[in-house]
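Please keep the sequence and the model in view while reading.

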Amino acid sequence: MSALQQFFAYAMAFEQTWDDDDWSRLEPFFADDAVYDVRGSALACRLEGRAAILAGLKKSLDGFDRRLAKRTLDVTDGPHEQGDAVTIGWTATYAVPGAAPLVLRGRSTARFRGDVIGELVDEYPSGMDDEVGAWLARHAPDADVSYV
């Protein structure tokens, strides 16, 4: 299976996990020693190992994404496959009643080792922290977007 096919299989499994919270579904997609890097924001972190990655993703979803009324994902660039890596630009739009939507912009790169992700990187553009911080303070002050 190509890196692009593997990436789409992972993305589909992630969305199923979003729906039913079955994190065991994602285990086969990550190497035991995989690394997840979040870059370009106050959320920056490095999670090492499959268990830490899945726990961090769940923490972020539970503390932020699932606390809001609606989440919509859109692809803004790609996906691009180059060798063992897939890169995709995206937006995630979040809504709460009575507020303008919050649009996060980012780029994800997954590097595969065979059929598993060895490295996953999410990068956010500069300036996003101020925008997100202001929106959260006004519309979701109890949300916790962190991974750790």
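Across which strands does helix α3 lie, and at about what angle does it run to β5? Helix α3 (residues 128–139) lies across β4 and β5, and its direction makes about 125° with that of β5; axes here are lines fitted to C-alpha atoms, for helices over the stretch in contact, with angles from 0 to 180 degrees between N-to-C directions.

## Basis of the description

The model is predicted, with local features described only at pLDDT of at least 70 and side-chain atom pairs counted only at pLDDT 80 or more, while totals for chains, interfaces and linings use all residues. Residues are numbered from 1 along each chain as its sequence is written, and side-chain values use heavy atoms, with hydrogens and water left out.

Helices (H or I, at least four residues) and strands (E, at least two) are DSSP runs, numbered from the N terminus.

## The sheet

Six strands make up an open sheet of mixed pairing, in the order β2-β1-β6-β5-β4-β3, where two strands pair if DSSP finds at least two bridges between them. At the edges are β2 and β3 (70–82), each of which pairs on one side only, and the twist from one strand to the next averages 15°. Strands of a sheet pair through backbone hydrogen bonds, either parallel or antiparallel.

β1 and β6 run parallel and are joined by six bridges, with V38 standing opposite D122 in β6. β5 and β6 instead pair in the antiparallel sense over seven bridges, and here R113 faces V116 in β6. Strand β4 (residues 85–95) is antiparallel to strand β5 (residues 102–113) over 10 bridges, with I88 opposite S108 in β5; β4 is also joined to β3 by 10 bridges, again antiparallel, and D77 stands opposite G89 in β4. Of the 11 residues of β4, 10 are buried, that is, under 20% relative accessible area, as against exposed at over 50% and partly exposed in between (1.4 Å probe, protein chains only).

Most residues other than glycine have a negative phi, and most peptide bonds are trans. D21, in the loop between α1 and β1, has a positive phi near 65° although D21 is not a glycine, and D21 is partly exposed because its relative accessible area is 33%. The peptide bond from G78 to P79 is cis, with omega near 10°, and P79 lies in strand β3.

T17 is found in α1 and counts as buried because its relative accessibility is 0%. Leaving aside residues up to four places away in sequence, T17 touches D22, W23, R25, L26 and R66.

Helix α2 (residues 50–63) has 14 residues and reaches 20 Å from its first C-alpha to its last, close to the 20 Å expected at 1.5 Å a residue, where the expected span is 1.5 Å times one less than the number of residues. Its buried residues are I53, L54, G56, L57, S60, L61 and G63, and what covers them includes α1 (3–20), β1 (30–39) and β2 (45–48).

## The largest pocket

The largest pocket holds about 820 Å³ of space. On a 1 Å grid over the protein atoms alone, a pocket is an open set of points where a 1.4 Å probe fits, with protein on both sides within 12 Å along at least five of seven lines, and lining residues have an atom within 4 Å of a point. Grid points are joined across faces, edges and corners, and the volume is the space filled by probe spheres set on the points.

The lining consists of 35 residues, of which F14, L73, W90, S108 and D122 lie nearest the centre of the pocket. At least two lining residues come from each of α1, α2, β3, β4, β5, β6 and α3, and α1 gives the most, with six residues.

Terms used. Contact means heavy atoms within 4.5 Å.
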